[in-house]
Amino acid sequence: MRLLLVEDEAKLNFSIKKGLEQKGYAVDSAFDGEEGELFAKNQDYDLVILDILLPKKDGLTVCTDLRHAGVHVPILFLTAKDALEDKVVGLDSGADDYLIKPFAFTELLARVRALLRRPKTVLPAVLKSHELTLDTAAQTVQIGRSEVSLTRREFQLLEYFLRNKNTVLTREQILDHVWDMAADTFSNTVDAHVKNLRKKLKGAYAGYLQTVRGMGYRYTD
Ligand code: CA
């Protein structure tokens, strides 16, 4: 899952980004409202974490403008203010949830998971394909009872495939959801990771991950 974090306090931005990445999310950082809005409009994020007090453009306005522009990504507000009015204003502007600063990282993580799970098509925490199970909370993949050891990126890649079974995913879509903007990617990045993933999955599961000529990849079990 790919997240956008809009937070002007550099230290806080960095520590949240790092924490989320350790949990397997791809995270892009923006440091003011205008930059955040631009990123959110141009990239296909699964969730935006948006601070309210931001330079250039405040989070509430960014949220309202994004909704008007037809961007329906879930938005989690961060706010130092805890007045009730602000909460109400925040949710009126089209945000999905809010978190009051200072907060514990575990609390942020719980809200992020809840929002990612909430969408129209309910996103389950455990994904299955026959005997294969991918547990997004425990960050484990098992085939039957034996654990498959994947890198963080391979895990994210497999999660993305399992969430989009029977759908052809282009390399661009895969890059957008599994890699953050700052990552060094090359024209063969996706292919190389798919190849490694197939090697680790082996047998039938490797076969389920099909190459669709001239288009991309599709997981069909
Ligand atoms: Ca701020």
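Guide: Gladly, and we begin with a term: a residue is buried when its relative accessible area is under 20%, exposed when over 50%, and partly exposed in between, using a 1.4 Å probe and protein chains only. Glu7, with a relative accessible area of 0%, is therefore buried. Please keep in mind that this is a predicted model, in which local features need pLDDT of at least 70 and side-chain atom pairs count only at pLDDT 80 or more, while totals for chains, interfaces and linings use all residues. Residues are numbered from 1 along each chain as its sequence is written, and side-chain values use heavy atoms, leaving out hydrogens and water.

Visitor: How many salt bridges does the structure hold?

Guide: The general idea is that side chains of opposite charge can pair when their charged atoms come close. The rule for a salt bridge asks for a side-chain nitrogen of Lys or Arg within 4 Å of a carboxyl oxygen of Asp or Glu. By that rule, the structure holds 17 salt bridges.

Visitor: Which residue forms a salt bridge with Lys101?

Guide: The partner of Lys101 is Glu7, with 2.9 Å between the closest N and O atoms. Lys101 sits in the loop between strand S5 (97-100) and helix H5 (105-117), and Glu7 in the loop between S1 and helix H1 (10-22), so the bridge ties together parts 94 residues apart in sequence. Helices (H or I, at least four residues) and strands (E, at least two) are DSSP runs, numbered from the N terminus. Lys101 counts as buried at 16% relative accessibility. A network of salt bridges links Glu7, Glu9, Asp51 and Lys101.

Visitor: Where does Asp28 lie, and where does Arg2?

Guide: Asp28 and Arg2 form a salt bridge, their closest N and O atoms being 2.7 Å apart. Asp28 is in strand S2 (residues 26-30) and Arg2 in strand S1 (residues 2-6), so this pair links distant parts of the chain, 26 residues apart. Asp28 counts as buried at 4% relative accessibility, and Arg2 at 2%.

Visitor: How is the protein chain divided into domains?

Guide: Domain bounds come from an automatic or database domain assignment. Here, domain 1 covers 2-116 and domain 2 covers 126-219. Their C-alpha centres lie 27 Å apart. Taking contact as heavy atoms within 4.5 Å, 15 residues of domain 1 touch 12 residues of domain 2.

Visitor: What is the area buried between domain 1 and domain 2?

Guide: Buried area is the accessible area (1.4 Å probe) that two parts lose on being put together, summed over both. Between domain 1 and domain 2 that area is about 1,100 Å², with carbon and sulfur atoms giving 43%. In domain 1, Arg2, Gly24 and Ala26 lose the most area to domain 2, together 39% of what that side buries.

Visitor: How many salt bridges are counted between domain 1 and domain 2?

Guide: The count between these domains is one salt bridge. As a further pair to find in the view, the side chains of Asp176 and Arg2 meet in a salt bridge at 3.8 Å, N to O.
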